[in-house]
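Let's take a walk through a protein structure together.

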Amino acid sequence: MATTRETDRIGSDHDAESDSGVLPALSRFRWLLGLVVPAGLVVVWHVLVATGVFAPHQLPEPLRVVGTLYAMGVSGELWGHISITLQRVFFGVLLGVSVGVVFGTVTGLYGLANDLLDPLLQSLKNIPSLAWVPLFLLWFGIGESAKVLLIALGAFFPVYLNLSTGIANVGDELIEVAEVYDLGRIESLRRVVFPAAVPSLLVGIRGGVGLAWMFVVAAELIAASQGIGFLMSDGRVLARPDIIVGSILLFAFFGNLSDLAVKGVERRVVDW
Amino acid sequence: MSSTGDHTLAVEGLTKRYGDTVALDGVDLTVEEGEFVAVVGPSGCGKSTLLRVLSGLEEHFEGRAAVDGVDVRDGGSDAVGMVFQEPRLLAWADVRENVAVGLPSGVDRGDAAARDRVDDLIETVGLDGFAGSRPSELSGGMAQRVSLARGLAYRPEVLLLDEPFSALDQLTKYEQQDNLLEVWAEQGTTIALVTHDVEEAAYLADRVVVLGGQPGTVETVVDVDAPRPRDRTDPELLAARDAITDALGL
């Protein structure tokens, strides 16, 4: 009896050791699990095309897509498209976020401004991105400004909505502290209200960057002679599914990259 | 000015309604300079409302409430600091910055003297070494001490405390009470503390104002004559506690 208990104890000690020793080492690589299903899908994709289930003129093999992107990269053709798209997204986001910050701040602080503007902006936000394209082309021509403005429109709404509610909902508890200690309007905004709304602002910016990528596709598919979206529509005209799929992958890559970047900023700024 | 001009804190016939509910009904209270007064009463008797009136968070009420003879509606509330029931700290700011929130508006925070004062206060409340910590890194008791230091930074005529220890465990509560007494002795601040804890009120205060009923009215005022530093088992304190519980009708 006594010996059994002894071995039980030793056994459980051993378990505890492996819990603290081996498992954390494994859990560090846990994120790799997220790659398993995508990798499997790529294999299935390859097999389906190789065995003729999908015709190559409709869906190219994965390697062919990579090869096409690589060739375009080597010839230099790809970089122009990528840089113009990145440039549009960058300026669009910059503009959209700036205007969103102004409107979000004003409506968050002043009930009257909120009552006047919020119903309008709430309904405008529900208009699909593509619906704006013809009007923007008519107003601003097919130049860069139409595209940047369209992207800015997309980036604007999440920033506006999140910041406005973020500022309006700063807890009464903190507002009262500012009041009791006579911080005054300006100081209480600077030291209490705005910092408290920063997390909401960053959530808004993340949403805005996401929508910016949607709106850039809308703009480039219809009215562009350069850019990743143009590359896509060009792939359709040329009957080159490898170019289309390659463009999708490029959007996925840069979309994820920008999201990670904003997330990184978020983690660094909102560290409390 | 009027007869209330002589007292650090003077409340006369204070009645406060929220819609049809009467929270306080004809409350009189005076606190002299350097005094420690506790206001005790059951939940819902308007204790917190009293402090909200004094700190200028309630604009509309009947009667008179004045700090150093100045009505709280005419800027008298500028002279009070408040420690709320919850610490209410800025989550993104470190302890030093949180304490500096209490510095009077004329003081430049970047000023060396102001920085020294903030650091001194952090030491006074026993948080040396935590000046650079964020509230999320502090325990409940430590966070409440930051809140106390913030109130002291304001150099108030009266420091109001709204059940500041009610969320703490017994041991931490005792620690915080003793710390508050030390700070009070050191700084000489006039203190008005609201609590539902009879033992706490008797242990801390020179005078205990018992609020009762709904709406809140002053039932009685109990003087606690036990010498300081006090022993928690001092018979005088026990007698005071009995008098308070009697007044509360328990």
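How many residue pairs are in polar contact across the interface of chain B and chain A? Counting pairs where both residues are at pLDDT 80 or more, there are 7. That cut-off is there because this is a predicted model, and side-chain atom pairs count only at pLDDT 80 or more.

Stay with that interface for a moment. Chain B brings 26 residues to the contact, and chain A brings 17. Together they bury about 1900 Å², and carbon and sulfur atoms give 58% of that area.

In general, side chains of opposite charge can pair when their charged atoms come close. Between chain B and chain A, the count is 3 salt bridges. You can look at one between Glu176(A) and Arg52(B), with 2.9 Å from N to O. Which parts of chain B make up the side that touches chain A? Strand E6 (80-83) and helix H4 (140-153) of chain B each supply at least two residues. Sort the residues on that side by kind and you get 11 nonpolar, 8 polar and 7 charged.

Salt bridges turn up elsewhere as well: over all chains, the whole structure has 22. Take Arg64(A) and Asp242(A), whose side chains meet with 3.5 Å from N to O. Arg64(A) sits in helix H3 (residues 62-75) of chain A and Asp242(A) in helix H11 (residues 241-269) of chain A, so this pair ties together parts that are 178 residues apart in sequence.

Now turn to the sheets of chain B. As a reminder, strands of a sheet pair through backbone hydrogen bonds, either parallel or antiparallel. One open sheet in chain B has 6 strands in the order E6-E7-E8-E3-E9-E10, with mixed pairing. Why is one side of E6 and of E10 (217-223) in chain B left without a neighbour in the sheet? Both stand at the edges, each with a single partner strand, so nothing in the sheet pairs on that side. From one strand to the next, the twist averages 20°.

Zoom in on E7 (residues 158-162) and E8 (residues 190-195) of chain B: they run parallel, joined by 5 bridges. There, Leu161(B) stands opposite Leu193(B) in E8(B). Helix H1 (residues 47-54) of chain B lies across E3, E6, E7, E8 and E9 of chain B, and runs at about 150° to E7(B).

Another open sheet in chain B has 4 strands, ordered E2-E1-E4-E5, and the pairing is antiparallel. Strands E2 (21-31) and E5 (70-71) of chain B are the edge strands, each pairing on one side only. Further in, E1 (residues 9-18) and E4 (residues 62-67) of chain B pair over 5 bridges. For an example, find Thr15(B): its bridge partner in E4(B) is Glu62(B). H1(B) shows up again here, packing on this sheet and touching E1, E2 and E4 of chain B, with its direction at about 115° to that of E1(B).

Most residues other than glycine have a negative phi, and most peptide bonds are trans. Yet a cis peptide bond joins Arg228(B) and Pro229(B), with omega about -5°. You'll find Pro229(B) in the loop between E10 and helix H7 (235-247) of chain B. Then there's Arg155(B), which isn't a glycine but has a positive phi of about 50°. Arg155(B) is in the loop between H4 and E7 of chain B.

Notes
Residues numbered from 1 in each chain as written. Chains lettered and ligands numbered in written order. Predicted model: local features only at pLDDT ≥ 70, side-chain atom pairs only at ≥ 80, totals over all residues. Heavy atoms only, no water. Contact = heavy atoms within 4.5 Å. Buried area = accessible area lost by both parts, 1.4 Å probe. Salt bridge = Lys/Arg side-chain N within 4 Å of Asp/Glu carboxyl O. Polar contact = N/O pair within 3.5 Å; in protein donor to acceptor, adjacent residues only side chain to side chain. Nonpolar A, V, L, I, M, F, W, Y, C, P; charged D, E, K, R; others polar. Pairing = 2+ DSSP bridges. Axes fitted to C-alpha atoms, helices over the stretch in contact; angles between N-to-C directions.
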